[in-house]
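Here's a quick briefing to read alongside the model. Have the viewer open as you go through it.

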Amino acid sequence: MNPLQTILILAAAFLAVFGEATLAGLRQWFSAQVDLLPVLMVYAALNSDIVTVSLLAVFGGLWFDALSANPPGVSILPLFAVGFVIWQQRELILRELPFAQLVLGAIACAIAPVLSILVLLTIGQQPLLGWGSLWQWLVMTAGGAVAAPVIFVVFDWCNHAFGYQPRTETSFRSDREIRRGRQ
Amino acid sequence: MLKQKHYIALGAVTLATLLLLSLPPRATSPLKLAVGSWFLPLFGLASTAQQLPITAADAALSRRELLRQLETLRHDNEELRVQATQAAAVAQENDQLRALFGWQRQTAWKLKLANVVMRDPANWWRTVQIDLGSRDGIRENLPVLTANGLVGRVSSVSYTHAQVVLVGDPNCRVSAIVENPARDMGIISPGGPLDNAFVDLSYLSGNAILQAGQNVITSGLGGVFPKGIPIGQVVDARPVEFGLYTEARVKLLVNLGSLEQVWVLFP
């Protein structure tokens, strides 16, 4: 487990939730706000361990619910479900291909809000739903698809810039050195 | 071991979620406020960043422009003074007439200005957060409005911020009257998730005669919103439930998508 990567992912989730709440650009143009937490979950599930996935689900979900009218805890399980499934299948996913990242981002951003609404309906809440919600769902899916490759590039750059690099091994071995001349 | 680890994580997250979802409302509200307070430093940074261009523009204003603005403000102030004197005379006359008829005296609205600092990140709720909290005397269910009309009501309050649930959210139902001869009464309910400029006025009587352009105001019933706050104008109406009652589409007077400052109304 790389603690720096976990901290970076959690910091990004914190900023993403704050940005979603304060930046109104997409909401004014498309009448929908894109949620970046599922995209971050895709990255965490493919590049981190299950502890980071769990921490992102719990803290990201709590932060999101704290700034929205959701009851606290609603967003945790949908985020974790997305991360858990990807984490289990991560050996089979070509995580370095931008197309795979795009598809995973779209799927995650499509599934997480649907699960959140299911949880809300299960606990007796009445979210604002209608035919227009389909458009919002499409915008969220498309936004997630676009954001996923970008987030992968940004995090790879951050890891390269701030993380420790593996020591390069040379082929030189002192015990196999051929000593020339007389001892 | 690895298998066990991820099953432990699954169990722990599920348990934590179930615990949070089963908390009573009086416990969830402080929890949300506590978690929300983590964002306070970022709110401070954002407001400072917003103020910077304004401060820079203020510094760049010429003396001539400032004098011109001062003159305009003086002129406006004189006009408002005259209007205030006239309004005071009208109010006095109104009070005398009310006393003659034995009607209850209407109290003046006490208002407090607030900045909208945040919108709901979820697409299925319509709420905003304002920069007034319990330290400013804000409490739950206070009406929120702008100069144009009704915005919503305060739904939860922290020390420095409060959440306002907007008209058109499923959690903000408003009893309203149409300003027509029959004074038809209905309930403002959500219009749709996409367009926040329109809401539905439901449960109007089946024989209500509505026309486009008629004003819709708060009825004062329900105990949250005082009577007479403008809400919007009727766009069209249709019979529902086989003519049992009428439903009207109402265009809100306030543009909820571009709220920057609102007034909190104290009773």
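Met118(B) has Gln129(B), in strand 2 of chain B, as its bridge partner. Strand 1 (110-119) of chain B and strand 2 (residues 127-130) run antiparallel, joined by three bridges. Bear in mind that this is a predicted model: local features need pLDDT of at least 70, side-chain atom pairs count only at pLDDT 80 or more, and totals for chains, interfaces and linings use all residues. As for labels, residues are numbered from 1 along each chain as its sequence is written, while chains are lettered from A and ligands numbered from 1 in the order in which they are written.

**The barrel in chain B**
- Six strands of chain B close into a barrel, in the order 1-2-5-4-3-12, with antiparallel pairing.
- From one strand to the next, the twist averages 45 degrees (axes are lines fitted to C-alpha atoms, and angles run from 0 to 180 degrees between N-to-C directions).
- Strands here are DSSP E runs of at least two residues, helices are H or I runs of at least four, and both are numbered from the N terminus; two strands pair if DSSP finds at least two bridges between them.

**Domains of chain B**
- The domain assignment, automatic or from a database, gives domain 1 (61-101) and domain 2 (108-267).
- The C-alpha centres of these two domains of chain B lie 29 Å apart.

**Around Glu179(B)**
- Glu179(B) sits in the loop between strand 6 (174-178) and strand 7 (185-190) of chain B.
- It counts as partly exposed because 14 other C-beta atoms lie within 10 Å (20 or more would be buried, 12 or fewer exposed, with C-beta atoms placed from the backbone).
- Leaving aside neighbours within four places in sequence, Glu179(B) is in contact with Gln214(B), Asn215(B) and Ile217(B); contact takes C-beta atoms, placed from the backbone, within 7 Å.
- Its C-alpha atom is 9.9 Å from that of Gly213(B), 34 residues apart along the chain.

**Where the chains meet**
- The contact takes 43 residues from chain A and 37 from chain B.
- Helix 1 (2-21), helix 2 (25-36), helix 3 and strand 1 of chain B each give two or more residues to the side touching chain A.
- Helix 1 of chain B gives the most to that side, with 11 residues.

**Helix 1 of chain A**
- Buried residues in helix 1 of chain A include Leu8(A), Ile9(A), Val17(A) and Phe18(A).
- Their cover includes helix 7 (132-162) of chain A and helix 3 (40-60) of chain B.

Technical notes:
Two residues are in contact if their C-beta atoms, placed from the backbone, lie within 7 Å.
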